[in-house]
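Hello,

Here is the structure I promised to pass on to you. Have a look at it first, and then read on for what turned up.

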Amino acid sequence: MANQNNKSRFEQLREQYRATLKSQDTEEHIDLAFYRPIGFAWALLAKKLHVTPNAITIASIFLGIGAGICFYYPELWINVIGMLLLVWANSFDSADGQLARMTKQYSRIGRILDGVSGDIWFATIYVAICLREIVTSPFFIAHHWVIWVMAVTAGICHAKQAAMADCYRQIHLFFLKGAEGSELEDSDDLRRRNESLSWSKDFFKMLTSKFYLNYTLQQEATTPALQAMRRELRKRFGASENIPQSFRDAFRRKSLPLMKYTNILSFNWRCIALFVSLFVAMPWLYFAFELVVLNILLIYMVVRHESICRTFTKELKDGKY
């Protein structure tokens, strides 16, 4: 009987763990093997202690800042401490989303805060790398401006890469799990929601809403074919729940191969590249990785996804669905 009870408890935990995942389609292998199980453990503890997802996100910000500070120093053992802090921060970044799904504590503020936390980590890391290079590297000592230009350009590219990876992941989830399983937004809907807010009465909510609207507008501006497909879907089927399952399945099949690229443009592979650059004592290589490798992947992903959307829009107009 005890073995049956233990097995039942294990099955319950396994089901609860699976419910905290976004989807098998969009989860990254390193996350599934490492961060998600650790994040689930943190989420269970946080739930027991009545800690909110946003509190975990804020804690991750301080850990990420600590990691960045450690990367300023050329001593490898200090860098390793920073690496461990960054891994810890990302386990919290996993835990906040898992806790939100576990406890149904979803909020736009939480989604924005989750995105901003990663930006703060990497802004600290970029500054630390620049300050380190201009006091340790003979080339950058003589040419300060080069490392700062690399960092600023890499930071802009990083923001674009992360935004587009999030966009393609959310549209995939939209067709896989429906509107309730995705955080896909529409700028027109966001504007309508903002009409009821005022700067005097809802300053913080208005500020975050404006920030989120701008984020969504940038995603939409980069994906004209995707937006045309969404307009055609609304024209033909109205509400999202009326979209035929045949279309959902067809889009998922075409979109699925691109999910590996959205994962590469997210945290884990950036982190690997960063750690390698620190181990070889050339942290500027991380900027080169973002500027060359990740931008090539971004361009390929955008071009390929837009081509897929144009094909589906034509099929919709031809009455295939």
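Predicted model: local features only at pLDDT ≥ 70, side-chain atom pairs only at ≥ 80, totals over all residues.

You will find Ser60 in helix α3, which covers residues 53–70. Ser60 counts as buried because its relative accessibility is 0%, and the cut-off for buried is under 20%. Beyond its neighbours within four places in sequence, Ser60 is in contact with Ala89, Phe92, Asp93, Ser117 and Trp121.

Next, the nonpolar core. The largest one has 72 residues, and Leu86, Met229, Phe247 and Phe287 have the most contacts inside it.

Finally, a pair of helices. Helix α10 (residues 224–237) packs with helix α14 (residues 284–317) at an angle of about 25°, and their axes are 8 Å apart. At that angle α10 is roughly parallel to α14, because angles under 35 degrees count as roughly parallel. The crossing of α10 past α14 is left-handed. On the α10 side, the residues making the contact include Pro224, Leu226, Met229, Leu233 and Phe237; on the α14 side, they include His305, Cys309, Phe312 and Leu316. Met229 of α10 is also one of the residues with the most contacts inside the largest nonpolar core.

Enjoy looking around!

Best wishes

Notes. Residues numbered from 1 in each chain as written. Heavy atoms only, no water. Core = buried A, V, L, I, M, F, W, Y, C linked by side-chain atoms within 4.5 Å. Buried < 20%, exposed > 50% of the residue type's maximum accessible area, 1.4 Å probe, protein only. Helix = DSSP H or I, 4+ residues; strand = E, 2+ residues; numbered from the N terminus. Contact = heavy atoms within 4.5 Å. Axes fitted to C-alpha atoms, helices over the stretch in contact; angles between N-to-C directions. Parallel < 35°, antiparallel > 145°, perpendicular 65-115°, else oblique. Left-handed = near helix turned anticlockwise from the far one by under 90°.
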